[in-house]
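Me: I have some questions about how the labels on this model were reached. Please set each value against its cut-off.

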Amino acid sequence: MTMRFSFLKIALLCLLLTALLAVSCTQPANNTNGGAAGNVNTNTSQAGQPAGRPANAQPVADAPGYFQAGPDGAVSLSFTSPKDGETIQGNSVAPTFQITGYPVYMDAERKKGQHIHVILDNNPYEADYDPATPFAKFNNLTPGTHTLRAFPGREWHESIKQPGAFAFVTFNVGQASATDINKSAPLLTYSRPKGDYKVGDHPKGVMLDFYVTNATLGDNDYKVRYTLSKDGKTLKTETLTKWEPVWWPWSDIQPGQYKVLLELLDKNNKPVPFKVGNLDYNHTEGSFNVTQEGAPAPAGNANANTKAIPMH
């Protein structure tokens with residue numbers, strides 16, 4: 001009886017030791033998995049952040065402090081969300097993109113980077129430096145049909161002018177309010193200038209830039225006309241026959257508030273409309289403010305005290 005009891009005690013002791021050994025062996029594995037899960041979340045968060053300046057980015061000779069990378073061949077940009085014609089849930093939209101042939105990044109040290117200009121309806125663009133992450137900028141949308149346009153830009157916001165680099169989708173909040181949007185019609189998209197500038201932000205001055213789709217500019221073809229005004233007075237108007245940016249030197253741009261009217265014209269210099277509801281995308285008014293270096297910003301211009309950082 002005593003021997004059987006001893007064997008039983010030994011068997012129970014072995015079972016207890018085995019259980020303790022199993023716990024001691026599996027606990028580090030659980031900790032490791034927990035750490036790995038934490039690393040996955042951390043990596044996911046990091047992956048959601050824009051990458052830093054790529055190694056092949058080159059400094060821009062005539063614009064110290066700016067770099068450029070790409071394009072590498074043909075650029076392709078498309079919306080992955082929302083889908084064209086989609087009816088979304090709620091009243092906000094957070095676009096995502098797929099882009100090839102052109103690096104998108106944010107250089108955290110200089111606070112500049114290559115990005116995507118995203119335009120809701122015919123409002124001023126927002127700059128997206130992380131195309132795969134939902135761009136939660138557009139909220140409180142009114143019911144009806146809306147549009148999103150997008151194209152990539154340089155660090156100084158000049159657009160990449162290639163046919164495949166422009167993306168255009170329509171979507172609805174509730175019931176559609178427009179069903180006759182012809183995306184193959186000639187279209188002019190206003191890009192720059194916008195926001196607040198300080199004298200000397202860019203060595204060349206203030207840039208006028210735009211995007212043309214489904215139209216070719218030329219002396220005997222479509223044209224773009226801009227009108228620059230300040231304090232209600234026209235300073236300059238010019239009809240452009242080439243698709244390239246226009247730079248207004250600082251000697252011509254004094255501190256103050258400016259307005260820009262941008263229009264698409266046909267070969268006879270007649271306006272070419274692109275109507276979406278009551279909006280004409282080919283007739284767009286933009287505005288911008290200029291302050292002296294170190295001068296206080298005009299009321300409401302919270303970003304004007306940021307030194308040497310292009311407005312987004």
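Me: Why is Asn269 called partly exposed?
Reply: In this predicted model, Asn269 has a relative accessible area of 39%. Partly exposed runs between the buried limit, under 20%, and the exposed limit, over 50%, so Asn269 counts as partly exposed. Asn269 sits in the loop between strand E16 (256-265) and strand E17 (275-276), and its phi is near 65°, positive although the residue is not glycine.

Me: What makes Asn140 exposed?
Reply: Its relative accessibility is 66%. Exposed means over 50%, so Asn140 counts as exposed. Asn140 belongs to the loop between strand E7 (126-128) and E8, and its phi, near 55°, is also a positive value in a residue other than glycine.

Me: What makes the peptide bond from Ser81 to Pro82 cis?
Reply: Omega is near 0° for that bond. Pro82 is in the loop between E3 and strand E4 (86-88). Another cis peptide bond joins Arg192 and Pro193, with omega about 5°; Pro193 is placed in the loop between E10 and strand E11 (195-198).

Me: Which residues have the most contacts inside the largest nonpolar core?
Reply: They are Ile116, Phe138, Leu141, Leu148, Phe171 and Phe274, in a core of 39 residues. Strands E3 (76-81), E5 (96-100), E6 (115-120), E8 (144-153) and E9 (167-173) each supply at least two residues of this core, and the largest share, five residues, comes from E9. Apart from this core lies another, of 24 residues, including Tyr197 and Val246. As for Leu141, it touches Phe171 and Leu120, among others.

Me: How do you know what kinds of residue line the largest pocket?
Reply: By class, the lining has five nonpolar, eight polar and three charged residues. Of the 16 lining residues, Asn123, Pro124, Tyr190, Glu285 and Gly286 lie nearest the pocket's centre. Two strands give two or more residues to the lining, E10 (187-192) and E19 (283-291), with the largest share, four residues, coming from E19. The volume of this pocket is about 160 Å³.

Me: How do you know which stretches to read with caution?
Reply: The chain averages a pLDDT of 83, and 78% of the residues score at least 70. Over residues 1-49, however, pLDDT is below 50, and this stretch has three contacts beyond near neighbours in sequence. Residues 294-312 also stay under 50, with 38 contacts beyond four places in sequence. Where pLDDT is low, the predicted coordinates should not be read in detail.

Conventions. Residues numbered from 1 in each chain as written. Predicted model: local features only at pLDDT ≥ 70, side-chain atom pairs only at ≥ 80, totals over all residues. Heavy atoms only, no water. pLDDT = per-residue confidence, 0-100. Contact = heavy atoms within 4.5 Å. 1 Å grid on protein atoms, 1.4 Å probe; cavity = no way out; pocket = protein on both sides within 12 Å on 5 of 7 lines; lining within 4 Å. Points joined across faces, edges and corners; volume = space filled by probe spheres on them. Nonpolar A, V, L, I, M, F, W, Y, C, P; charged D, E, K, R; others polar. Core = buried A, V, L, I, M, F, W, Y, C linked by side-chain atoms within 4.5 Å. Buried < 20%, exposed > 50% of the residue type's maximum accessible area, 1.4 Å probe, protein only.
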